[in-house]
Amino acid sequence: MLYDIFKEKRCFKLICGAGNEDTDEVEKLTALYSLAGCNFFDVCAKAEVIDAAKKGLKRAGLNDRYLCISVGAESDRHFCKAEINGEKCISCGMCEKVCAQKAVNKKDKNFEINQTRCIGCSKCLKNCPNKAIKLIQKKTDLKELLPPLVQKGLDCIEFHILGDEGREIQVRLKEIMDNFDGPLSLSINRERIGDKKLIKVVKSIVNKRKKYTTIIQADGIPMSGGKDSFKSTLQAVSTADLFLGANLPAYVMVSGGTNAKTSELAKMCGVEIQGVAIGSYARKIVREYTKRDDFFENKEVFNKALKIAKDLTERTLKYL
Ligand code: SF4
Ligand code: SF4
């Protein structure tokens, strides 16, 4: 059962990216990290992405790994895509430089965003000198989206909220629970609401469910990962400490800015998290290999990537 990896404090979740629709990368990441010892995978809520993840796990020959999809409130950045206004763009190339997801392409002198790869992290927007980029919200109807995806066999659904969506949270949560009665992961951070309200919102959801069927994913600073430092993961550990202090009947893990130092920092601070989810950093350290067409066929390439993935997995699980 999925709950066991939390009870036994051995959950390392690889976040392939809630908005990452690149099936080629997802297949490679799931195959690679499952062989490295990762036991939980979070992918975009699209049929072809779930299929790609399953293909990756099949390639690895492992059938004891858990699969989760992410859905969320409409205003959550995880479900937005960036777009460039060509009339405002001055072709400075800054967006290409800062995009860790390698979603910005240059064609002649023009820059374009590959919507399949964009995860809505906003780094390009924040660095564009001419305000030529905006985030576009994607509208999703969970009543239509979920039934065919759930049929594919999911171990968990992750619900991303910002905490101030009011009634939208209740409506979407009902739509999830009407379609799926398995584990619910709740990804939430302190970006928009204060600590007291944050706990109140989470408590109201956790208390509607059976005890220990909810996983609280304390999202430090969403999609801020990439660096391997204590500093970038500090907010995630601090947010987890807040949830643990609330003593809710739920498991607590961390995400957002997470890296190879996350579980070590939590251990040093005495924050007893039950799992770690890593996205941007985990994808970045193997990207030089996963972007290659001969990734699976070239044993040298695959084994180099595997060594890096194993190191991250072992360092993460060591301190849990
Ligand atoms: S950062 Fe802005 S101005 Fe520069 S290339 Fe990108 S979109 Fe154009
Ligand atoms: S920086 Fe983030 S928002 Fe911008 S294109 Fe890359 S992934 Fe998308």
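In this predicted model, 19 residues of domain 1 touch 16 residues of domain 2. Where do the two domains lie in the chain? Domain 1 comes in two stretches, 2-74 and 140-318, and domain 2 covers 78-137. Their centres, taken over C-alpha atoms, are 25 Å apart.

**The interface**

The size of an interface is often given as the accessible area lost when the parts come together. Here the buried area between domain 1 and domain 2 is about 1,400 Å². Carbon and sulfur atoms give 53% of that area.

The counts are set out below.

| Link between domain 1 and domain 2 | Count |
|---|---|
| Salt bridges | 3 salt bridges |
| Polar contacts (both residues at pLDDT 80 or more) | 9 residue pairs |

Which element gives the most residues to the domain 1 side? Strand E3, residues 66-72, does, with 3 residues. By class, the domain 1 side that touches domain 2 has 5 nonpolar, 7 polar and 7 charged residues.

A salt bridge also joins the side chains of Glu-21 and Lys-81. The N to O distance in this salt bridge is 3.3 Å.

**Aromatic pairs**

The whole structure holds 8 aromatic pairs. One of them is formed by Phe-6 and Phe-40.

How values were computed. Residues are numbered from 1 along each chain as its sequence is written. Chains are lettered from A and ligands numbered from 1 in the order in which they are written. This is a predicted model: local features need pLDDT of at least 70, side-chain atom pairs count only at pLDDT 80 or more; totals for chains, interfaces and linings use all residues. Side-chain values use heavy atoms; hydrogens and water are left out. Domain bounds come from an automatic or database domain assignment. Contact means heavy atoms within 4.5 Å. Buried area is the accessible area (1.4 Å probe) that two parts lose on being put together, summed over both. A salt bridge is a side-chain nitrogen of Lys or Arg within 4 Å of a carboxyl oxygen of Asp or Glu. A polar contact is a pair of N or O atoms within 3.5 Å; within protein, one must be able to donate a hydrogen and the other to accept it, and residues adjacent in sequence count only if both atoms are side-chain atoms. Helices (H or I, at least four residues) and strands (E, at least two) are DSSP runs, numbered from the N terminus. Ala, Val, Leu, Ile, Met, Phe, Trp, Tyr, Cys and Pro count as nonpolar, Asp, Glu, Lys and Arg as charged, and the others, Gly among them, as polar. Rings of Phe, Tyr and Trp (its six-membered ring) pair if their centres lie within 6.5 Å; planes under 30 degrees apart count as stacked, over 60 as edge-to-face and the rest as tilted.
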